[in-house]
Amino acid sequence: MAERERQGPEGRICPWCESADIRFVQRGYAGPTDAVDQYLVCGACQKTTYEIVAKSSREMRLGRYKAGDVYQDRAQNTSYSISRILRAGRNEFLIYLKPLAHRASAVL
Ligand SMILES: [Zn+2]
């Protein structure tokens, strides 16, 4: 299994343009960002890549998210597969995402 995302921020690259020029924001309420999502921001292509997104129960019902399904981020024009969903609290679910990189144009 290629578990590249298990490495520290140094090992991460942008899945869309493969740049290593990324800023990693770790989910956590204790840090300065107060982030509920975990993501990378690429300095080269400016895309935000989500690793974990937090949803309320209502959003989960509306989105009908399931492990194995495709998660679309229309704001970024990116898509992911949902690797797993964890319940994090009474009204919070965490969706773990794997980027589905578009490689059709990457033939050299
Ligand atoms: Zn990029």
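Entry one, the sheet. I traced six strands in an open sheet, ordered β1-β2-β3-β6-β5-β4, with antiparallel pairing. I then checked the edges: β1 and β4 (70–73) each have a single partner strand, so one side of each is left without a neighbour in the sheet. From one strand to the next, I noted a twist that averages 35°. I kept in mind that this is a predicted model.

Entry two, the partners of β6. I looked at strand β3 (residues 48–55) and strand β6 (residues 92–99), and found them running antiparallel with four bridges between them. Within this pairing, I saw Val53 opposite Ile95 of β6, and Lys55 opposite Phe93 of β6. Next I turned to strand β5 (residues 78–89), which pairs with β6 in the antiparallel sense over eight bridges. How many residues lie between β5 and β6 in their hairpin? I counted two. Gly89 has Glu92 in β6 as its bridge partner.

Is Arg23 buried or exposed? Arg23 is exposed, because 12 other C-beta atoms lie within 10 Å and a residue counts as exposed at 12 or fewer. I also listed contacts beyond four places away in sequence: Arg23 touches Leu40 and Val41. Finally, I checked Tyr39, which is 16 residues from Arg23 along the chain, and the C-alpha atoms of the two are separated by 8.4 Å.

Definitions and conventions:
Residues are numbered from 1 along each chain as its sequence is written. This is a predicted model: local features need pLDDT of at least 70, side-chain atom pairs count only at pLDDT 80 or more; totals for chains, interfaces and linings use all residues. Two strands pair if DSSP finds at least two bridges between them. A residue is buried if 20 or more other C-beta atoms lie within 10 Å of its own, exposed if 12 or fewer, and partly exposed in between; C-beta atoms are placed from the backbone. Two residues are in contact if their C-beta atoms, placed from the backbone, lie within 7 Å. Axes are lines fitted to C-alpha atoms, for helices over the stretch in contact, and angles run from 0 to 180 degrees between N-to-C directions.
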